[in-house]
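Welcome! Have a look at the chain below, and then let us walk through it together, one place at a time.

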Amino acid sequence: MATAGREGPAEHRPEPQSRTWASVPLTVSVFVILATLLGVSALAWALTLRQGMGGDMLVGLTSSLSRASEGMHPEMGMGMAMGAPLFVGMWATMMVAMMFPSVAPMVLAHWRLSAGRRQGPLAVPLFVGGYLVSWTAIGVAAYGAYRGLLALAPTLSGRAAGMVAGATLTGAGVYQLSRFKTVCLSHCRSPVQFFLHWRPGLAGALRMGVGHGFYCVGCCWGLMLVLFVVGVMNLVWMGVLAAVIFVEKVAPFGWRMAKGVGVALIAAGLGVALFPAVLGTGLLGG
């Protein structure tokens with residue numbers, strides 16, 4: 001009896017090792033998904049840099065409005081001849097560069113749930129595609145807003161130019177402190193409620209991607225307004241905002257970051273409105 005008692009536990013000793021080996025496919029899949037998202041993001045950064053070096057960079061309101069206030073034509077260097085398809089394509093590339101790192105936790109969450117429900121290998125790509133569809137749709141609206149603002153620029157004085165740029169930054173800051181921002185950021189940081197409304201199948205994965213994309217738009221569109229001031233393809237400010245978005249969504253202190261950025265943007269907006277000469281200093285990019 002004593003011998004049998006010793007052999008019983010011994011037979012089960014390899015079990016923890018077998019569980020470890022069983023987790024290897026899970027680890028590999030997580031690595032592949034993360035590597036793919038970050039690799040595509042890096043490629044998008046490279047393409048954005050190439051577009052900027054090729055003269056396709058769209059500068060911001062600070063530059064166009066300061067040109068107008070100095071009697072220069074605001075369309076100089078603004079890429080105004082660019083058609084909507086090219087602009088939207090550039091916008092989508094920028095969103096891939098800036099957003100894919102911060103959306104990675106959500107993609108992994110979707111993959112784990114879809115794998116458990118045997119959704120197939122296309123579920124995750126469709127989820128990511130739906131996410132990008134949302135940001136691309138916003139790019140269409142962004143193009144219309146950009147053209148409208150640039151058409152307004154020639155009519156503005158230097159003081160009015162500062163007011164427009166300042167109001168844009170202040171509005172972005174106020175939105176950072178708003179209830180709607182809080183709701184959308186809560187969704188992006190803790191998407192439990194989102195996945196309680198699971199949509200099965202590949203069409204469901206696409207719809208969930210689109211839905212999450214619009215929550216992400218709701219979370220980040222105020223920060224995107226900053227790019228219209230400092231430069232739509234200003235790589236430095238793109239990097240700064242991408243880092244802010246990542247911290248807001250992933251870091252434990254993301255809530256405080258969002259509020260702090262809101263206060264900073266309000267202060268910057270008031271400063272630009274009160275001292276419009278800052279538009280020509282280069283401090284805000286453009």
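Leaving aside its neighbours within four places in sequence, which residues is T93 in contact with? The partners of T93 are A44, L47 and T48. T93 itself sits in helix α5, which covers residues 84–116. Is T93 buried or exposed? Its relative accessibility is 15%, and buried means under 20%, so T93 counts as buried.

Before going further, please keep in mind that this is a predicted model.

**The chain as a whole**

You will find 12 helices and zero strands here. Read from the N terminus, the order of elements is α-α-α-α-α-α-α-α-α-α-α-α. The chain has 286 residues, and 44% of them are buried. Take the contacts between residues at least 6 apart in sequence: 84% of these join residues at least 24 apart. The accessible surface is about 14,100 Å², and carbon and sulfur atoms account for 71% of that surface.

A pair of aromatic rings is described by the distance of the centres and the angle of the planes. The whole structure holds five aromatic pairs. One of them is formed by F87 and W91, which are stacked, with 6.5 Å from centre to centre and 15° between the planes. Because F87 and W91 are four residues apart in helix α5, about one helical turn separates them. Both F87 and W91 are buried. Which residues do ring pairs link into a cluster? The members are F87, W91, Y143 and F228.

**Helices that pack together**

Now for two helix pairs, which both involve α11 (residues 235–250). Here they are side by side.

| Helix pair | Angle | Axis separation |
|---|---|---|
| α8 and α11 | about 75° | 8 Å apart |
| α11 and α12 | roughly 140° | within 6 Å |

How do α8 and α11 lie to each other? Their angle is about 75°, and angles of 65 to 115 degrees count as roughly perpendicular, so α8 and α11 are roughly perpendicular to each other. On the α8 side the contact is made by K181, L185, C188 and R189, and on the α11 side by V247, E248, K249 and V250. By class, this contact of α8 with α11 has four nonpolar and four charged residues, and no polar ones.

Helix α12 covers residues 254–274, and its axis crosses that of α11 at roughly 140°. The two helices, α11 and α12, are therefore oblique to each other. From α11, the residues V244, V247 and E248 take part in the contact, while α12 brings G254, M257, A258 and V261. The contact of α11 with α12 divides into five nonpolar residues, one polar and one charged.

Where does L177 lie? L177 belongs to the loop between α7 (158–176) and α8 (179–189). Leaving aside its neighbours within four places in sequence, L177 is in contact with K259, G262 and I266.

Notes:
Residues are numbered from 1 along each chain as its sequence is written. This is a predicted model: local features need pLDDT of at least 70, side-chain atom pairs count only at pLDDT 80 or more; totals for chains, interfaces and linings use all residues. Side-chain values use heavy atoms; hydrogens and water are left out. Contact means heavy atoms within 4.5 Å. Axes are lines fitted to C-alpha atoms, for helices over the stretch in contact, and angles run from 0 to 180 degrees between N-to-C directions. Angles under 35 degrees count as roughly parallel, over 145 as roughly antiparallel, 65 to 115 as roughly perpendicular and the rest as oblique. Ala, Val, Leu, Ile, Met, Phe, Trp, Tyr, Cys and Pro count as nonpolar, Asp, Glu, Lys and Arg as charged, and the others, Gly among them, as polar. Buried means under 20% relative accessible area, exposed over 50%, partly exposed in between (1.4 Å probe, protein chains only). Accessible areas come from the Shrake-Rupley method with a 1.4 Å probe; for residues, only the protein chains shown count as cover. Rings of Phe, Tyr and Trp (its six-membered ring) pair if their centres lie within 6.5 Å; planes under 30 degrees apart count as stacked, over 60 as edge-to-face and the rest as tilted.
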